[in-house]
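Work through the exercises below with the sequence and the model in view. Each task is followed by its solution.

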Amino acid sequence: MPQANSFQQMDDLHREIDRAFEDFFPQWQPSFPMAFLPGRLARAYPLINLHEDKDHLYVEAMAPGVDPQSLNLTVVHNTLTISGDKRGAPDNIAPEAFHREERAAGKFVRTVTLPVEIDESKVVAEYKDGLLLITLPKSEKAKPKQIDVQVS
Amino acid sequence: MAEQTVSGPNEPQGNGGWEITRSTERHVRPPVDIYETPDALMLIADMPGVARENLEVRVDEDLLTIQGRAIHVVPGDPIYREFDLTGFFRQFEIGEQIDPEKINADLKYGVLSLRLPKQERSKQRHIEVKVS
């Protein structure tokens, strides 16, 4: 079908151009890993990965160096809000003493809309090695249910 | 500290500028803060997902290498992903004013803090200026 063919060509062209720009601009597509972990992001921080299985949603956030006392997770309906304070270099260092300052630091907040309803009372979270893993059990209503089909 | 122009942990660079090692693992350069105090050079690197046993810090002559393997396994099937971590690798040329025996490393919350003490003789010596 000629229509499908032209879409394929556009797709190929798109990919070629993406490949040409890869070295210069950070990739937005999660499937292309970056050669340099960005210290500062132009987009939302922290970056998240969202997984699910039959009974749970899992949110993994990349948040190294966050003061655990400042980490705050709130769940309202089907949104999850992550906020905290990422520690930078110590405050008492003079600016001219820095050879490099690439890491982001400061307060952050991000709200993630979840695809299904979850049971707020059973959410657990773990912060290990700078990765925050949040396990959100789906509410009973959101779990898939088998429906019997009556054949007559 | 000057940054070594060697891009990957081992040899050849793949096409597109991606760093390829013999194990075909992709590495990412972690962002660092480097600042100097009168006694030492301090280096702080974000290396999320790296546990103590997967972290390697090496000094060969005047080349400092920080390397770590990140492990992050999330249960379930992916719906939406924004990041994938495999490994971290970065090298720095450090002047011979660092005492490699006394380097101190600390890994906490996915952040590596390195303290590189300066060798005795290159600490700043205050010179008295006498005005007559």
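Among contacts in chain A (heavy atoms within 4.5 Å) between residues at least 6 apart in sequence, 53% join residues at least 24 apart. This is a predicted model, in which local features need pLDDT of at least 70 and side-chain atom pairs count only at pLDDT 80 or more, while totals for chains, interfaces and linings use all residues. Residues are numbered from 1 along each chain as its sequence is written, chains are lettered from A in the order in which they are written, and side-chain values use heavy atoms, without hydrogens and water.

**Exercise 1.** State which elements make up chain A, and in what order.

Solution. Then read from the N terminus: α-β-β-β-β-β-β-β-β.

**Exercise 2.** Classify the pair Tyr45(A) and Phe108(A), and locate both residues.

Solution. Rings of Phe, Tyr and Trp (its six-membered ring) pair if their centres lie within 6.5 Å; planes under 30 degrees apart count as stacked, over 60 as edge-to-face and the rest as tilted. The search of the whole structure finds 3 aromatic pairs over all chains. For Tyr45(A) and Phe108(A), the centres are 5.2 Å apart and the planes at 70°, so the pair is edge-to-face. Tyr45(A) lies in the loop between helix H1 (2-21) and strand E1 (47-52) of chain A, and Phe108(A) in strand E6 (residues 106-113) of chain A, so the pair ties together parts 63 residues apart in sequence.

Key: Helix = DSSP H or I, 4+ residues; strand = E, 2+ residues; numbered from the N terminus.
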